[in-house]
Each structure stands twice: as C-alpha cells, then as structure tokens.
Amino acid sequence: MELDVQESAFKAPEAPRQNLAISAYQQLKHDIIRGRYAPEQKLLMSRLKEAYGASTGPLREALSQLVADRLVVAISQRGYRVASMSLAELNDIYDARAQLEGLILRLAIERGDDAWEATVLATAHRLAKVTDVSTPDDLLDIWDERHKAFHTAIASGCNSPHLLQMRTTLFDQVERYRHLWLQETVMSSQALELKRQEHAALVEVILARDTAQADTLMRDHLMTPVPIVTRVLAARGIR
C-alpha cells in the first residue's frame, strides 16, 4: 500500500502537464490552420509561451505532435517552423483524400445499416440549417463543424477504425489549404446554397446505394476547393 501511495504521489504532477500540452497543441494547431502563422514562419518559444500560457515542456510536446501531423517542421538544434505549402502538396493531398474517401464511401454503402442512414440524414439536416448566424466567423465555424460531422457520419459506415484513422490524418493535412478556400468564399449565400445542393444529391445517391454515382459525386465535391486554393496560393507567390 505504501508503494502505491508513493507511486501515486510521484505520478500526480504529470496530469496537469499533459493537459497543458494537449491544450497548447489544440490551440496552436487551430492557429496554424487558420493562417495566424505563415508557411515557413519560425515559431519562437518565447512568443509561444506568451501566446498560449504554457511552459517550455508542454509546448515542446505540442510541437512534437504537430511535427507528426506535418504542420510543423523541426529545425535541427534551432527550434521549429511552420511547414511550407506548395501547389504540388495541395494537389497530392486532395487527390489522396479523394481516393481514400471514395474507398471508404464504397465500403460504407456496402456495410452501413439503418442506424447509419439515420445518422447521415440527421447530420445533413443540421448542416442545411446553418443560415441565421451573427457574424461571418461564427458562420464559418458552425458550418465547418457541421460539415465535418456530416462527412464523418458518412465515413463511419465503413466500420474500419484503421481506414478512419488514415482519413483523419489526411483531413488534418488538408485543413490549411481547405481553410483558404473557406476564407475566399466567405461562406456567401450562393456558396452555402451550392454546397446544400451538393450534399442533398450526395445523400440521395447514398441512400439509394448507388455506389458508382456516389463515388463520382463525392470526388467532385471534395475537389471543388482545388482551383480556388491554387489561385490563392499563386497570388501569394507560392508555387
């Protein structure tokens, strides 16, 4: 019993540090995706401490995870910088994501049950209802959250944890590029209506279990941002 108490007392401080690392990771990841830090910008530890209220230890843990996510690059003995962006990476990530999402969709249509169909319908309905929001930023955040929930609901029908993990990894890597598209459209009423129509058509063919048509619609839907993001990157001198 004495040993258990000693071990507990020794391990207790780890929880707050772990929580700080997770919090720093989530906040820094959000800020990188949203463009607060430019591609290849050096991430100075002193400024990160001030911005996120965390000490060096938790911040290093957060940065290590972001390196694994390929959003941050470790500079040998010189700290960290934001990962670069390029047209080649844009096209590769989006193509890889569309290919994987197509496979997952085909499996979901094959394996999904009635409960899966109901979840897809429910998330599609919530997404279509995003209209009355006070500010453009709120609209973007709420729409994006519900949009992710909708596509995650579709993917869940594949019943493959490993494929879903691969999907999450690719989605994290595409987020910086995808957010450029969201900012460019500013989620206008026209953009919202176009996406509503795309989602409705997608739901219709999924419920009809039309694998070929669903695959085509999903790929077209996922690739929509590429021309817009390509133009934005070119305007910023990113090749």
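Before the first figure, one term: contact here means heavy atoms within 4.5 Å. Of the contacts in the protein with a separation of 6 or more, 74% are between residues 24 or more positions apart.

What you have on the screen is a predicted model, in which local features need pLDDT of at least 70, side-chain atom pairs count only at pLDDT 80 or more, and totals for chains, interfaces and linings use all residues. Residues are numbered from 1 along each chain as its sequence is written, and side-chain values use heavy atoms, with hydrogens and water left out.

The protein has eleven helices and three strands. Helices (H or I, at least four residues) and strands (E, at least two) are DSSP runs, numbered from the N terminus. Along the sequence the pattern reads α-α-β-α-α-β-β-α-α-α-α-α-α-α.

On burial, I use buried for under 20% relative accessible area, exposed for over 50%, and partly exposed for in between, with a 1.4 Å probe and protein chains only. By that rule, 41% of the 239 residues are buried.

Now helix H9. It covers residues 189-207, which is 19 residues, and from first C-alpha to last it reaches 27 Å, close to the 27 Å expected at 1.5 Å a residue. The expected span is 1.5 Å times one less than the number of residues in the helix. Which residues of H9 are buried? They are Ala 191, Leu 192, Lys 195, His 199, Leu 202, Val 203, Val 205 and Ile 206. Seen down the axis of H9, these fall within an arc of 170 degrees, so they line one face of the helix. The arc is that of the directions from the helix axis to the C-beta atoms. Ser 189, Gln 190 and Glu 204 are exposed on the other side of H9.

Leaving aside neighbours within four places in sequence, His 199 is in contact with Leu 127, Trp 143, His 147, Phe 150, His 151 and His 221.

His 221 takes us to helix H10, where it is one of the buried residues, along with Ala 214, Met 218 and Leu 222. Seen down the axis of H10, the buried residues fall within an arc of 90 degrees, so they too line one face. The face turned away from that buried side carries Ala 212 and Asp 220, both exposed. H10 itself runs over residues 211-223, with 13 residues reaching 18 Å from first C-alpha to last, close to the 18 Å expected.

Next, a helix pair. Two packed helices are described by the angle between their axes and the distance between the axes. Helix H8 (residues 161-185) and helix H11 (residues 225-235) pack at about 90 degrees, with axes 9 Å apart. That makes H8 roughly perpendicular to H11, a label that goes with angles of 65 to 115 degrees. Axes are lines fitted to C-alpha atoms, for helices over the stretch in contact, and angles run from 0 to 180 degrees between N-to-C directions. From H8, Tyr 177, Leu 180, Trp 181, Glu 184 and Thr 185 meet Pro 225, Ile 228, Val 229, Arg 231, Val 232 and Leu 233 of H11. Those contact residues divide into eight nonpolar, one polar and two charged. Here Ala, Val, Leu, Ile, Met, Phe, Trp, Tyr, Cys and Pro count as nonpolar, Asp, Glu, Lys and Arg as charged, and the others, Gly among them, as polar.

Asp 144 is in helix H7, and it is buried, with a relative accessible area of 5%. Not counting residues up to four places away in sequence, Asp 144 touches Glu 175, Arg 178 and Leu 182. Tyr 25 is in helix H2 (residues 14-33) and counts as buried at 16% relative accessibility. Tyr 25 and Ala 62 are 37 residues apart in sequence, yet 4.4 Å apart C-alpha to C-alpha.

Last, the backbone. Most residues other than glycine have a negative phi. Arg 70 is not a glycine, but has a positive phi of about 65 degrees. Arg 70 sits in the loop between helix H4 (56-68) and strand E2 (72-75), and at 51% relative accessibility it counts as exposed. Asn 159 also has a positive phi, about 55 degrees, and lies in the loop between H7 (136-156) and H8.

Notes
Parallel < 35°, antiparallel > 145°, perpendicular 65-115°, else oblique.
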